[in-house]
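Q: Please take a close look at one part of this model, residue by residue. Then connect that part to what lies beyond it.

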Amino acid sequence: MTDTSPQIASAQLGTSAPGTQSGEPPRFDWNAPEMRRGFAARHRANTRLQIYGLSAIALAVLLIAILVGSLVATGYQSFVQTHVTFEVFVDPAKVDAADPAKGNFRLIVRDSFAAQFPDVTNPRDLRSLTDVMTADAPFIVRDRVVADPSLIGQRVEVTMPVSDAFDQLQKGVTPRDVPETQRKVNDKQIAWFDTLAERGQITVPFNTALFLSADSRFPELAGLAGAIVGSFYALLVCFLISFPVGIAAAVYLEEFARKGRWSDILEVNINNLAAVPSVVFGLLGLAVFLGFFGLPRSTPLVGGMVLALMTLPTIIIATRSALKAVPPSIREAALGVGASKHQVVLHHVLPLAMPGILTGTIIGMAQALGETAPLLLIGMNAFITSPPGGILESATALPTQIFIWADSPERGFVSRTSAAILVLIGFLIAMNLVAVILRKRFERRW
Amino acid sequence: MPNATQTASAGQMPDAGGQPNVPEASAGAAARPAVAARVKIHARDVNVHYGEKHALKHVDLDVNEHEVTALIGPSGCGKSTFLRCMNRMNDVIDNCQVTGSITLDGTDVYDPSLDVVQLRARVGMVFQKPNPFPKSIYENVAYGPRIHGIARGKSELDEIVHRSLTRAGLLKEVNDRLNEPGTGLSGGQQQRLCIARAIAVNPEVILMDEPCSALDPIATAKIEELIDELRENYTIVIVTHSMQQAARVSQRTAFFHLGDLVEVGDTEQIFTNPKDSRTQGYITGRFG
């Protein structure tokens, strides 16, 4: 061995001669021009491949940045809402203390608001002055009085949203410098609004209604509470069905079923199910759950069942791969001390696979949360103005709420659609983060 | 030793069946004058097929009580397969078929009415790679007694765990960290933990599948010492690739080659005076 090392050294210096000993294989001249060219080409190919990869990632990041950027640019305005504050005189002549709900609040609110501008008397001007407030103003006051009848006969300071047109004006979406005929708000209204702003009666606080109110015809009042609760119930139903069923199916297929033609066919079919377009599941839900079983339409129960059908393949596939990742030595160890098959699975394999199963489940749930088409088909895109009280009440879900708002013509819904998308993306990121944390936290090495 | 010079092969044991002591009685006293060893496991005409592959061919083998029987042979010769037949660990392999008869104290191991769970409690196993559960040291040892309901109450379980760890020679090293994960121990300690886990259910037979192949020489020496001590209370069958190990720890040795049991006999005789040329070739290192 020792006498070969100088030869290797000389070969690297480019002065190698063919082996002198008879049995020695011929040596390569690593410094020959064609060799150098070969190396250079390989390095170039290496660099090229890296550049392809980098540019692909850069493109993806750019597209995501554009998406999120445009959503934030249009959506941020919906996270604040213009409000007007004024004193309301709950005139005892217009509302009966015995039955406050029946009072003429329209008149109460109009008179109180008109009191801000005593010089406005002409009925048409009065009407256009009232338009500054949200159309729901009488109901907002009514609800407060019904909740607290002692307010009758008193002067109450009320803060309520301004109507969408003035909200857009305040946010600068509606330009002031176009001719009056091309605006939704006339010059007089702008003057009143500016006066209110000068008096400090106009405020732009955080839009809590976006999260606490359900849908409404008026953008200034519309919120996501109904959709969030609806999505929660639907996902709850989806989880309660798909998690146990998916795990049971995966455990049977992986731990008990004999591997053979049938299990192969089953596996191919499950993988195919994961690729079936969601609208097909929606049609299935429409035909079977609504049509055949006659379950109530538009409800989170049916929505959750349809989503469960979609999520099942994902959970089964994730669970099977998590079970496969548990080393056979653990199964042998348990079998070796006399554990029965179910004890092996329940005591050892499932707990070890659980982080992987949960990760897969959360990813499946995140998919289900963003799924729109099947919910449209079973009617979860209804116009519902209060959050559902249970899985059997009509409801919308986040993605269908986005669908409804995107379809609405009012200016305020444009930014609310973006805001709703941001909220949905926020939920998705949160769920995926949980999945990543779970995986990192419980990652085990053998 | 009755079968000292027996060269087992197909057809030489026409009396295959559930009569463990018959072959003993015939030739017994001459070879081993002291105690006529009782046959614990009695295997006759055992064949194993993995699908099309005939992995084990007509194996006849007796395992004596309170002895260490070593199974040696080149890789793929079927010794591990045979070992796993004795506690039916081959059941979990889908296309594995076992024929012939293996009896444990006269009970047919492959009787369909036999409870595999009970069999595996009686015939414990230690694997090639230390495979403690990813649980605490205590839980590792306590698992067997717990699932079989052997211990009544916590104190009894504690006692079993301590006794098993003591017998496995591990208690002194881990006494102050019984609640730490078993996977945190060194390789040799893990393997002794696995032995402790196996003896916690008080098996009659312990099968060891190359228990030292993943260990360093010092850990190996400890395990070998332990095997020698365990022989007093248990019957041990060990598969090993190390002929020195077979020579050191076993009383009887069986040599497998290409699915055949070539030769079985007293360890001393196998290593000094093998009857078969293949055995000779293997133990002198000419092939394998």
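A: Start with one pair: B:Val205 stands opposite B:Thr235, and B:Thr235 belongs to strand 8 of chain B. Keep in mind that this is a predicted model.

Strand 8 is the part to examine. Which of its residues point which way? B:Thr235, B:Val237 and B:Val239 point one way, while B:Ile236 and B:Ile238 point the other way.

Two pairs show how the strands line up. B:Val237 in strand 8 of chain B faces B:Thr69. B:Ala70 has B:Ile238 in strand 8 of chain B as its bridge partner. In general, strands of a sheet pair through backbone hydrogen bonds, in either a parallel or an antiparallel sense.

Is strand 3 of chain B enclosed or open? Five of the five residues of strand 3 (residues 68-72) of chain B are buried, so this strand too is largely enclosed by the rest of the structure. Its two faces can be read separately. B:Val68, B:Ala70 and B:Ile72 cover one side, B:Thr69 and B:Leu71 the other, and every one of them is buried.

Strand 3 of chain B has a further parallel neighbour, strand 9 (residues 252-257) of chain B, joined to it by four bridges. B:Thr69 takes part here as well: its bridge partner in strand 9 of chain B is B:Arg252.

Next, a contrast from elsewhere in chain B. B:Thr99 lies in strand 4 (residues 96-104) of chain B. B:Thr99 has 12 C-beta neighbours inside 10 Å, so this threonine counts as exposed. B:Lys57 is 42 residues away from B:Thr99 along the chain, and their C-alpha atoms are separated by 9.9 Å.

Step back to the whole chain. Chain B holds eleven helices and ten strands. Of its 288 residues, 47% are buried. Among contacts in chain B with a separation of 6 or more, 69% are between residues 24 or more positions apart.

Chain B also touches chain A. There, 20 residues of chain B are in contact with 16 residues of chain A. On the chain B side, the elements that give two or more residues are helix 3 (116-122), strand 6 (123-126), helix 4 (137-148) and helix 7 (187-199). Helix 4 of chain B gives the largest share, four residues. By class, this side of chain B has twelve nonpolar, four polar and four charged residues.

Strand 1 (residues 83-89) of chain A runs antiparallel to strand 3 of chain A, with two bridges between them. Here A:Val84 is found opposite A:Ile202 of strand 3 of chain A.

Chain A has helix packing to consider too. The axes of helix 3 (residues 105-114) and helix 5 (residues 137-147) of chain A lie 8 Å apart, at an angle of about 105 degrees. That makes the two helices of chain A roughly perpendicular. On helix 3 of chain A the meeting residues are A:Phe105, A:Arg106, A:Ile108 and A:Val109, and on helix 5 of chain A they are A:Ala137, A:Pro138, A:Val141 and A:Arg142. This contact has six nonpolar residues, two charged and no polar.

How values were computed:
Residues numbered from 1 in each chain as written. Chains lettered and ligands numbered in written order. Predicted model: local features only at pLDDT ≥ 70, side-chain atom pairs only at ≥ 80, totals over all residues. Contact = placed C-beta atoms within 7 Å. Nonpolar A, V, L, I, M, F, W, Y, C, P; charged D, E, K, R; others polar. Axes fitted to C-alpha atoms, helices over the stretch in contact; angles between N-to-C directions. Parallel < 35°, antiparallel > 145°, perpendicular 65-115°, else oblique. Buried ≥ 20, exposed ≤ 12 C-beta atoms within 10 Å, placed from the backbone. Pairing = 2+ DSSP bridges.
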